[in-house]
Amino acid sequence: MDSSSPPHHHSNQNKTKIIVTMGATGCGKSRLSVDLATHFPHSQIINSDKMQLYNGLDITTNKIPPHERKGVPHFLLGDLDTIDADVLPSQFRSAAGLTIANIVSRGNLPLLVGGSNSFIHALLVETFDPQVDVFTGPDSVSHLLRYDCCFLWVDVAWSVLSDYLCERVDEMLESGMLEELAQFYEPTKVGVRVGLRKAIGVSEFDEYFRKYPPWESEANGRIPKEGCDQARKEAYEEAVRLIKDNTCILAKRQIGKIMRLRKAGWDLKRLDATATFRAMMMKKKKNKSSSAASSDLEWRDIWEREVMEPSVKAVRRFLQ
């Protein structure tokens, strides 16, 4: 990633305007960014999720699938082929800074979505010191930003979000996550926690694949069915349990960092998506217990009313 970074004006009036959607993993940030981009047609999306920068493990890292992007250009999403190296916050600041400058030079609106709050902080602050971890030191987060930002924070009550995250892991596995991880598995890289190998799911399944290598049997790379080898089923279930635990730990850590940014004076507009997620999960339960699939209309209506409309109003006011 390029280490140079474009200069920015200091007076608030002349600063580049950007929209920033934030929130814990799984809270609907990607959906909101695409919905906003369809409302404000010249918007272009920049990913700031650390693991989604890399090319590969699209299901495991939860990249928004192409058909859900609705034709909206996405940058820094799956662009990085060097999967065995970490991206530093300073490198992201440079790469995303250049991407924003390019988007603006074409007369478009940058929409940052993420993700990794350390990357968001590194990109947005006026002066960035790579030696300081602002999320561990007391009162070290700066409120001086180099862009004029409209912050949209999608929040979901923890009791609802944690249940949803566990369900989402099951859905990802049903969508081919285990097969994806089986192809990615390299015995010589077990225990190596760098680059894309830091993605939740990789280390959690290392122990399973060590006992049940994918090349020994195709079944080892598929979800265990009823009546299969009990030991394999238990090893699989333990890996899944670890993924769910670690996903919830990540979400809690992300919420903690967002609270730190808010406390430091970042003007985050909170959007409560709890009712949307509750309705979404009720719909899934109904679908599981009934042969006729119920409609998405209810949760989409709530999303539109409680998340989308206030977001559109906030962005419109910000741009005017």
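User: At what angle do helix 4 and helix 7 pack, and how far apart are their axes?

Analyst: In this predicted model, helix 4 (residues 158-174) and helix 7 (residues 230-263) pack at an angle of about 140 degrees, and their axes are 10 Å apart.

User: Why is helix 4 called oblique to helix 7?

Analyst: Angles over 145 degrees count as roughly antiparallel, 65 to 115 as roughly perpendicular and under 35 as roughly parallel, with the rest oblique. The angle here is about 140 degrees, and that makes helix 4 oblique to helix 7. The crossing of helix 4 past helix 7 is right-handed.

User: Which residues make the contact of helix 4 with helix 7, and how do they divide by class?

Analyst: On helix 4 the contributors include Trp158, Leu161, Leu165 and Val169. On helix 7 they include Tyr236, Val240, Ile243 and Ile255. By class, the contact of helix 4 with helix 7 holds 12 nonpolar, 2 polar and 4 charged residues.

User: What makes helix 6 roughly antiparallel to helix 7?

Analyst: The axes of helix 6 and helix 7 cross at roughly 170 degrees and come within 8 Å. Since angles over 145 degrees count as roughly antiparallel, helix 6 is given that description relative to helix 7. Glu204, Phe205 and Tyr208 of helix 6 meet residues of helix 7, among them Arg232, Tyr236, Val240 and Ile243. The residues of this contact of helix 6 with helix 7 comprise 8 nonpolar, 1 polar and 2 charged.

User: Why is helix 2 described as oblique to helix 3?

Analyst: The axes of helix 2 and helix 3 (residues 117-124) cross at roughly 60 degrees and come within 8 Å. Roughly parallel would require an angle under 35 degrees, and roughly perpendicular one of 65 to 115. The pair therefore falls in the remaining class, and helix 2 is oblique to helix 3. Helix 2 passes helix 3 in a right-handed crossing. Pro89, Phe92, Arg93, Ala96, Gly97 and Ile100 of helix 2 meet Ser118, Phe119, Ala122 and Leu123 of helix 3. The contact of helix 2 with helix 3 has 7 nonpolar, 2 polar and 1 charged residues.

User: How many aromatic pairs are counted, and why is the pair of tyrosine 185 and phenylalanine 209 called tilted?

Analyst: The count comes to 11 aromatic pairs. For tyrosine 185 and phenylalanine 209, the ring centres are 5.3 Å apart and the planes stand at 40 degrees. Pairing asks for centres within 6.5 Å, while stacked needs planes under 30 degrees apart and edge-to-face needs over 60.

User: How do you know whether asparagine 47 is buried or exposed?

Analyst: Asparagine 47, in strand 2 (residues 43-47), has a relative accessible area of 4%. Buried means under 20%, so asparagine 47 is buried. Its C-alpha atom is separated by 6.2 Å from that of phenylalanine 75, 28 residues away along the chain.

User: Is asparagine 108 buried or exposed, and what is the class of isoleucine 200?

Analyst: Asparagine 108 lies in the loop between helix 2 (89-105) and strand 4 (109-113). Its relative accessibility is 16%, so asparagine 108 counts as buried under the limit of 20%. Isoleucine 200, in the loop between helix 5 and helix 6, has a relative accessible area of 23% and is therefore partly exposed.

User: What sets leucine 57 and lysine 70 apart in their backbone, and how does each count by accessibility?

Analyst: Leucine 57 has a positive phi of about 50 degrees although it is not a glycine, and phi of lysine 70 is near 50 degrees, likewise positive in a residue other than glycine. At 6% relative accessibility leucine 57 counts as buried, whereas at 53% lysine 70 counts as exposed, the limit for exposed being over 50%.

Methods. Residues are numbered from 1 along each chain as its sequence is written. This is a predicted model: local features need pLDDT of at least 70, side-chain atom pairs count only at pLDDT 80 or more; totals for chains, interfaces and linings use all residues. Side-chain values use heavy atoms; hydrogens and water are left out. Axes are lines fitted to C-alpha atoms, for helices over the stretch in contact, and angles run from 0 to 180 degrees between N-to-C directions. Helices (H or I, at least four residues) and strands (E, at least two) are DSSP runs, numbered from the N terminus. A crossing is left-handed if the near helix is turned anticlockwise from the far one by less than a right angle, and right-handed if clockwise. Contact means heavy atoms within 4.5 Å. Ala, Val, Leu, Ile, Met, Phe, Trp, Tyr, Cys and Pro count as nonpolar, Asp, Glu, Lys and Arg as charged, and the others, Gly among them, as polar. Rings of Phe, Tyr and Trp (its six-membered ring) pair if their centres lie within 6.5 Å; planes under 30 degrees apart count as stacked, over 60 as edge-to-face and the rest as tilted. Buried means under 20% relative accessible area, exposed over 50%, partly exposed in between (1.4 Å probe, protein chains only).
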